[in-house]
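The sequence and structure come first.

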2 protein chains.
Amino acid sequence: MLVAVDCIIFGFDGYNLKLLLIKRGFEPEKNKWSLMGGFVQSNEKPEDAASRVLRQLTGLKDVYMEQLSVFGKPDRDPLERTLSITYFALIDIKKYEKQLNDDYRAEWFQLERVPSLIFDHDEMVQQAKQKLRYKAALHPILFELLPEKFTIPQIMTLYEQVYEVELDKRNFTRKLRSTGLLIKQSDKDKENSKKGAFYYKLDKAAYTEKFTRFLNFISNPEYE
Amino acid sequence: MLVAVDCIIFGFDGYNLKLLLIKRGFEPEKNKWSLMGGFVQSNEKPEDAASRVLRQLTGLKDVYMEQLSVFGKPDRDPLERTLSITYFALIDIKKYEKQLNDDYRAEWFQLERVPSLIFDHDEMVQQAKQKLRYKAALHPILFELLPEKFTIPQIMTLYEQVYEVELDKRNFTRKLRSTGLLIKQSDKDKENSKKGAFYYKLDKAAYTEKFTRFLNFISNPEYE
DNA sequence: CCAAAAGTGTTCAAGCTACACCCATGC
DNA sequence: GCATGGGTGTAGCTTGAACACTTTTGG
C-alpha cells in the first residue's frame with residue numbers, strides 16, 4: 001500500500017484566515033487545485049514526511065504541525081490504493097511570503113473562497129477547520145499564525161475569522177490579558193489606525209507552561 | 001508498506017476502568033501481552049479493519065470507536081516496515097463477557113496494572129488514556145462504557161477512575177442532572193447498598209443532540 | 001439498632017455577559 | 001474639527017466549589 005501525507009496549511013494575513021493550495025502538476029487530475037502532499041519514504045517517519053513536504057513548498061521549518069487523521073477508502077485515489085495521513089500546519093503568512101517556492105504554483109485562498117479540490121481533499125479541509133476550532137477554543141494555538149509582534153485588534157480579528165462570530169472587544173481584551181500570555185511593547189502599529197494599537201509579544205515561557213491548560217477563549221462553541 | 005490497525009479497548013466493570021489485552025500467539029514477541037490488531041485488507045477502509053478486529057475478539061459490533069493516530073517510526077516493527085493506525089473503543093464490559101473469543105487468550109487489566117506491551121503499544125495506551133480524558137471532559141462518551149441501566153454512584157466512580165480524582169457527589173449529581181441526558185427509572189440497584197440506588201437510562205435523543213456541545217464535567221483538567 | 005451507602009440545599013467567590021463613552025491622531 | 005479605530009469599567013447574573021445532615025434498609 002502506498003502511504004502519503006497531505007498538509008492543510010493555514011495562514012493569517014491580518015484580515016483573513018487563509019489556506020495554501022497548489023495547482024497539481026501531474027496526472028491524474030493535473031491542473032486541479034489540491035493540498036500539498038507527498039509520499040512517506042522508506043526511512044522516514046510520517047511526521048518527517050509532512051515537515052519535508054511543508055519545507056519544500058514554503059521553505060519554513062519548525063512550524064506548528066499536528067497530525068489530523070488518516071484517509072483510507074480503498075478507492076480514494078483512482079490509480080492506486082493510497083493511504084493519506086493528514087497534518088495541519090499553522091504558519092505566519094508574512095514569514096512565508098518571501099520563501100515561496102514557485103515550482104508548485106501555490107496560492108492562498110480565503111477560507112470562504114476555497115475552490116473544490118481533488119479526491120477527498122475537500123473533506124480533509126473540512127476536518128481541519130473543525131479541529132482548528134476545537135483546539136483553539138482550549139489552547140492558545142492561534143498565536144502560531146501571528147507574527148512575533150502583533151496587536152490585540154489583530155488577534156481578535158483572527159478569533160472572529162476562525163469562529164465566524166463577532167466578539168466584544170472589552171470582554172475579549174480582558175480575557176486575553178488574564179491568560180498572562182502577553183507582553184506589552186512600547187511601540188505601536190500605525191498601519192490600521194491613526195491612534196495606533198500597541199504591539200504585544202507572546203511570553204514564550206508562559207505559553208509553554210500554560211499550553212495544556214484549559215483556556216476557554218470561546219464559550220460554548222459547538223465542538224466536534 | 002504494511003498497514004495495520006491496533007485497538008485500545010476500554011471497559012468498566014462498575015468498580016474499575018480496564019483495558020483488554022491479548023497474549024500474542026505468533027512471532028515476533030510470541031506470548032507477550034499486546035493490543036489486539038490486524039492488517040488492513042486491500043478492499044477495506046481502515047475503520048472497517050478496526051471494527052472487524054474488534055468483532056473477532058469480542059463478538060461485538062456497533063461499538064463506540066474513534067481513530068486515534070498513526071504510529072509510523074520506520075523501525076517500530078523489527079521484521080518489516082509496518083504502519084499502525086490506532087483506534088480506541090469503549091465497550092460495556094458485561095455485554096462482552098459472554099462473547100469472549102478464547103482463541104486470543106484475552107484478559108482485562110486494571111489500568112494501573114497493565115503489563116508492559118510489545119513494540120510501541122505502551123505509548124499507544126498512554127495516548128489513548130490522554131485522549132479519553134480530553135474527550136470525556138467535553139463530551140458524554142463515558143456512557144458508552146455503562147450498561148443500559150446504571151446508577152449515579154456508578155457513573156461517578158467511572159469519572160473518578162478516568163481522572164484519578166475524588167468528586168463531590170452533591171456537585172456531581174447536580175451537574176449530571178443539568179445535562180438533561182438522564183431518565184430516572186422507578187427501580188433500584190440493590191447490589192451495592194441496602195438502601196439501593198435508582199437506575200437511570202440515557203436519553204438517546206438528548207445524547208445525540210447534545211453530543212457536540214461543551215459539557216465541562218471536569219473543571220480545569222490538564223489537557224493534552 | 002446500627003452500619004453503610006444514597007440522596008439532598010445553601011452560601012460564597014469567580015467568571016461571564018452586556019453595555020457606552022473618551023482618547024489619539026491623520027487628514 | 002472630524003472621522004476612524006483604540007482603549008477602558010461596571011453591574012447583574014450564572015456557574016462552580018465547599019461543605020453536613022437525613023434517609024433507607026439489611027443484617
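A residue is called buried when its relative accessible area is under 20%, as found with a 1.4 Å probe on protein chains only. The model discussed here is predicted.

## Helix α1 of chain A

Helix α1 of chain A covers residues 46–58. Its buried residues are A:P46, A:A49, A:A50, A:V53, A:L54, A:L57 and A:T58. Viewed down the axis of α1(A), the buried residues fall within an arc of 145°, so they line one face of the helix.

The 13 residues of this helix should span 18 Å at 1.5 Å a residue, and the end C-alpha atoms are 18 Å apart, which agrees. After α1(A) comes A:G59, with a positive phi near 80°.

## Helix α4 and the residue after it

In chain A, helix α4 runs over residues 152–163. Its 12 residues should span 16 Å at 1.5 Å a residue; the end C-alpha atoms are 17 Å apart, in agreement with that. The buried residues of α4(A) are A:I152, A:Q154, A:I155, A:M156, A:L158, A:Y159, A:V162 and A:Y163.

Just after α4(A), A:E164 has a positive phi of about 50°. In chain B, B:E164 lies in the loop between α4 (152–163) and α5 (169–178), and phi is near 50° there, a positive value in a residue other than glycine. B:E164 counts as exposed because its relative accessible area is 59%, and the cut-off for exposed is over 50%.

## Two domains in chain A

Chain A is divided into domain 1 (2–127) and domain 2 (141–210). The centres of the two domains, taken over C-alpha atoms, are separated by 27 Å. In the contact between them, 12 residues of domain 1 meet 11 residues of domain 2.

Together the two domains of chain A bury about 1100 Å², with 64% of this on carbon and sulfur atoms. Which three residues supply more than any other three of the area that domain 1 buries against domain 2? They are A:F12, A:L17 and A:L90, with 47% of that area.

## A:L132 in helix α3

A:L132 is part of helix α3 (residues 121–138) of chain A. With a relative accessible area of 2%, A:L132 is buried. Leaving aside residues up to four places away in sequence, A:L132 touches A:F10, A:L17, A:F88, A:L90, A:I141, A:L142, A:V162 and A:Y163. The C-alpha atom of A:L132 is 22 Å from that of A:N171, a residue 39 places away along the chain.

## Backbone details in loops

The peptide bond from A:E27 to A:P28 is cis, with omega near -5°. A:P28 sits in the loop between β2 (17–23) and β3 (33–34) of chain A. In chain B, B:E27 and B:P28 are joined by a cis peptide bond with omega about -5°, and B:P28 belongs to the loop between β2 (17–23) and β3 (33–34) of that chain.

A:F119 is in the loop between β7 (106–110) and α3 of chain A. Its phi is positive, near 45°, although A:F119 is a residue other than glycine. At 24% relative accessibility, A:F119 is partly exposed.

## Relation of the two chains

Two copies of a chain are related by a rotation about an axis and a shift along it. Here chain A is superposed on chain B by a rotation of 180° with 0.0 Å of shift along the axis, at an RMSD of 0.0 Å. This is the relation of a two-fold axis. The same surface serves both copies, as 100% of the contact residues of chain A recur in chain B. Among the residues of chain A, A:M1 comes closest to the rotation axis, at 2.8 Å for its C-alpha atom.

Conventions: Residues are numbered from 1 along each chain as its sequence is written. Chains are lettered from A and ligands numbered from 1 in the order in which they are written. This is a predicted model: local features need pLDDT of at least 70, side-chain atom pairs count only at pLDDT 80 or more; totals for chains, interfaces and linings use all residues. Side-chain values use heavy atoms; hydrogens and water are left out. Helices (H or I, at least four residues) and strands (E, at least two) are DSSP runs, numbered from the N terminus. The expected span of a helix is 1.5 Å times one less than its number of residues. The arc is that of the directions from the helix axis to the C-beta atoms. Copies are superposed by least squares on the C-alpha atoms of residues with pLDDT of at least 70 in both. Contact means heavy atoms within 4.5 Å. Domain bounds come from an automatic or database domain assignment. Buried area is the accessible area (1.4 Å probe) that two parts lose on being put together, summed over both.
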